[in-house]
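Colleague: I'm new to reading structures. Could you walk me through some side-chain features?

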Amino acid sequence: WDFAAGNQGFTALSCEEPGASVWAWGAENVIPGSPGNVWGTVLNGNYPSNAGSGLVSPAFVVGQSTYLLEIKHYLHTETNFDGCNVKAEDTVIQPVAPYPATISTSTSFYAYCVDMQPGWTGNSSSGPSQNWVEQCFDLSAYVGQSIQVEFDFGSDSSVTYPGWYLAYVRVGGEMPTPIENSTWGQIKATYR
């Protein structure tokens, strides 16, 4: 699903009330290297406080040629307090290079949809340039099932940033080649 070409039938929803809905599809002109049209948490601006929103893919059958999921995304959130993750059938799925954090472990602040869950938080770049990165997920646990994948984003009641943006979501069966990449301040394997 290449979001530069269209919204691809993805649907925005509230994943936890009263979290604010933030997902929108369209042109993003502020994020460096943006491919044009994307799905993002408020286009060309910062997400609001108390966001709690999911983006759901169309249903697809996981098989031998569709058991790997790859996304190209950009993230800039309040580190440790706001963040995002990917779920299949309401279960958090770990990327091949595992999530680096647990989102919002504070007892004073709450991140709708992702609070106390593994996920991404902070910035997808460890240097002065901000990067769009690829991440891969193994869906082989769902082979033979029709599933939908959900991209959940949440923020607490304070600091906001540009948010989470998706350039594409791909489903396929070829095992990716690992590439060492500095992401979220640590060396991780990312996949292309």
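Predicted model: local features only at pLDDT ≥ 70, side-chain atom pairs only at ≥ 80, totals over all residues.

Colleague: How many aromatic pairs does a search of the whole structure find?

Modeller: A pair of aromatic rings is described by the distance of the centres and the angle of the planes. Rings of Phe, Tyr and Trp (its six-membered ring) pair if their centres lie within 6.5 Å; planes under 30 degrees apart count as stacked, over 60 as edge-to-face and the rest as tilted. Searching the whole structure gives 14 aromatic pairs. Take F10 and F151: their ring centres are 6.4 Å apart and their planes sit at 35°, so this pair is tilted.

Colleague: Where in the chain do F10 and F151 lie?

Modeller: Strands are DSSP runs of E, at least two residues, numbered from the N terminus. F10 is in the segment before β1 (11-14) and F151 is in strand β13 (residues 149-154), so the pair links distant parts of the chain, 141 residues apart.

Colleague: Is F10 buried or exposed?

Modeller: Buried means under 20% relative accessible area, exposed over 50%, partly exposed in between (1.4 Å probe, protein chains only). F10 has 4%, so F10 is buried, and F151 is buried too, at 0%.

Colleague: What about Y74 and W132?

Modeller: Y74 and W132 make a tilted aromatic pair, 5.8 Å centre to centre with 40° between the planes. Y74 lies in strand β6 (residues 68-76) and W132 in the loop between β10 (118-119) and β11 (133-138), so the pair ties together parts 58 residues apart in sequence. Y74 is buried at 0%, and W132 is buried at 13%.

Colleague: Now the cysteines: which ones form a disulfide?

Modeller: A disulfide is a covalent bond between the sulfur atoms of two cysteines. The cut-off used here is a pair of cysteine sulfur atoms within 2.5 Å. The structure holds one disulfide: C15 and C113, with sulfur atoms 1.8 Å apart. The torsion about their S-S bond is about 110°, so the disulfide is right-handed.

Colleague: How exposed are C15 and C113?

Modeller: C15 is partly exposed at 26%, whereas C113 is buried at 6%.

Conventions. Residues numbered from 1 in each chain as written. Heavy atoms only, no water. Helix = DSSP H or I, 4+ residues; strand = E, 2+ residues; numbered from the N terminus.
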